[in-house]
Amino acid sequence: MSGNIELLSTTLAAAKAEDRAALIAYLPAGFPTVDGGIEAVKAVIAGGADVVEIGLPHSDPVLDGPVIQTADDIALRGGVRIADVMRTVREAYEATGVPILVMTYWNPIDRYGVERFTAELAEAGGAGCILPDLPVQESALWREHADKHGLATVFVVAPSSQDARLATITAVGSGFVYAASLMGVTGTRASVGAQAQELVGRTRATTDLPVCVGLGVSNAEQAAEVAGFADGVIVGSAFVKALLDAPDEAAGLDAVRSLAGELAQGVRKR
């Protein structure tokens with residue numbers, strides 16, 4: 001079975017055709033439980049998310065701040081496995097028809113086996129992977145198998161990325177480019193910062209791929225600001241925090257659905 005890179009591309013193109021940015025939500029698999037995590041993904045989509053990233057919980061998440069680290073720890077202590085990540089992708093995709101990606105560090109894929117991982121992700125209906133710590137110059141094996149299985153390879157660029165480096169990264173990426181809005185780890189912030197807009201401009205000079213901005217967006221106002229210059233607005237920690245702060249699972253689902261609705265309105269006010 002082929003993966004859903006084309007669905008991802010058409011979804012982002014449809015948002016652009018509506019003169020708005022896409023809303024991309026991030027939630028880790030297995031949090032608060034595997035079943036609860038699947039329901040949370042369905043809730044953010046019901047609220048208005050166009051695309052969802054499923055995090056593969058990792059014991060040393062170098063890009064992630066304390067909120068996502070806490071959720072990853074809960075998922076890992078609950079015994080989450082790669083099979084649960086694939087199940088989350090499959091059930092979320094089958095229930096909604098929305099493109100679902102996996103965001104993961106390289107080590108779990110390397111240990112699991114690249115061919116096995118890409119084949120299973122495609123079979124589950126996945127659209128691709130975001131690989132924040134895989135160097136482009138070491139990505140040929142991954143890209144070979146991702147291409148074979150119809151999966152996007154999304155690389156992360158940062159404000160520190162030089163123009164030549166941006167061109168190298170975007171030349172081999174697919175789906176979209178993940179632009180980290182600032183140097184540092186994930187988390188909600190008071191402002192997204194001017195660095196993000198400059199990075200989007202420099203990245204667009206190297207590629208026709210959509211450029212989507214993450215790290216720091218937590219409310220509709222910030223989503224509207226970023227939507228003014230980016231093709232997609234990526235929100236993770238705010239959704240995870242809503243689940244962490246909720247008194248019970250039902251309240252958590254209501255909270256993430258409501259937040260997705262507010263953010264979906266924000267990206268339409270660019």
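Reader: Which residue in strand 3 does Gly55 stand opposite?

Author: This is a predicted model, in which local features need pLDDT of at least 70 and side-chain atom pairs count only at pLDDT 80 or more, while totals for chains, interfaces and linings use all residues. Residues are numbered from 1 along each chain as its sequence is written, and side-chain values use heavy atoms, with hydrogens and water left out. Strands (E, at least two residues) and helices (H or I, at least four) are DSSP runs numbered from the N terminus. In strand 3, the residue opposite Gly55 is Met103.

Reader: How many bridges join strand 2 to strand 3?

Author: Two strands pair if DSSP finds at least two bridges between them. Strand 2 and strand 3 (residues 100-103) run parallel, and the number of bridges joining them is four.

Reader: What is the bridge partner of Ile24 in strand 2?

Author: Strand 1 (residues 22-28) also pairs with strand 2 in the parallel sense, over five bridges. The partner of Ile24 in strand 2 is Val51.

Reader: Why is strand 2 described as largely enclosed by the rest of the structure?

Author: Buried means under 20% relative accessible area, exposed over 50%, and partly exposed in between (1.4 Å probe, protein chains only). In a regular strand the side chains alternate between the two faces of the sheet. In strand 2, Val51, Glu53 and Gly55 are buried on one side, and Val52 and Ile54 on the other. Strand 2 (residues 51-55) is largely enclosed because the number of its five residues that are buried is five.

Reader: At what angle do helix 2 and helix 4 pack?

Author: Axes are lines fitted to C-alpha atoms, for helices over the stretch in contact, and angles run from 0 to 180 degrees between N-to-C directions. The axes of helix 2 (residues 34-47) and helix 4 (residues 82-96) are 10 Å apart, and the packing angle is about 35°.

Reader: Which residues of helix 11 are buried?

Author: Helix 11 spans residues 237-245 and includes Val240, which is buried with a relative accessible area of 0%. The buried residues of helix 11 pack against strand 1, helix 2, helix 3 (66-77), strand 9 (232-235) and helix 12 (249-267). They are Ser237, Ala238, Phe239, Val240, Ala242 and Leu243.

Reader: How many Å separate the C-alpha atoms of Val240 and Ala71?

Author: Contact means heavy atoms within 4.5 Å. Beyond its neighbours within four places in sequence, Val240 is in contact with residues including Tyr26, Phe31 and Ala71. Val240 and Ala71 are 169 residues apart along the chain, and their C-alpha atoms are separated by 7.2 Å.
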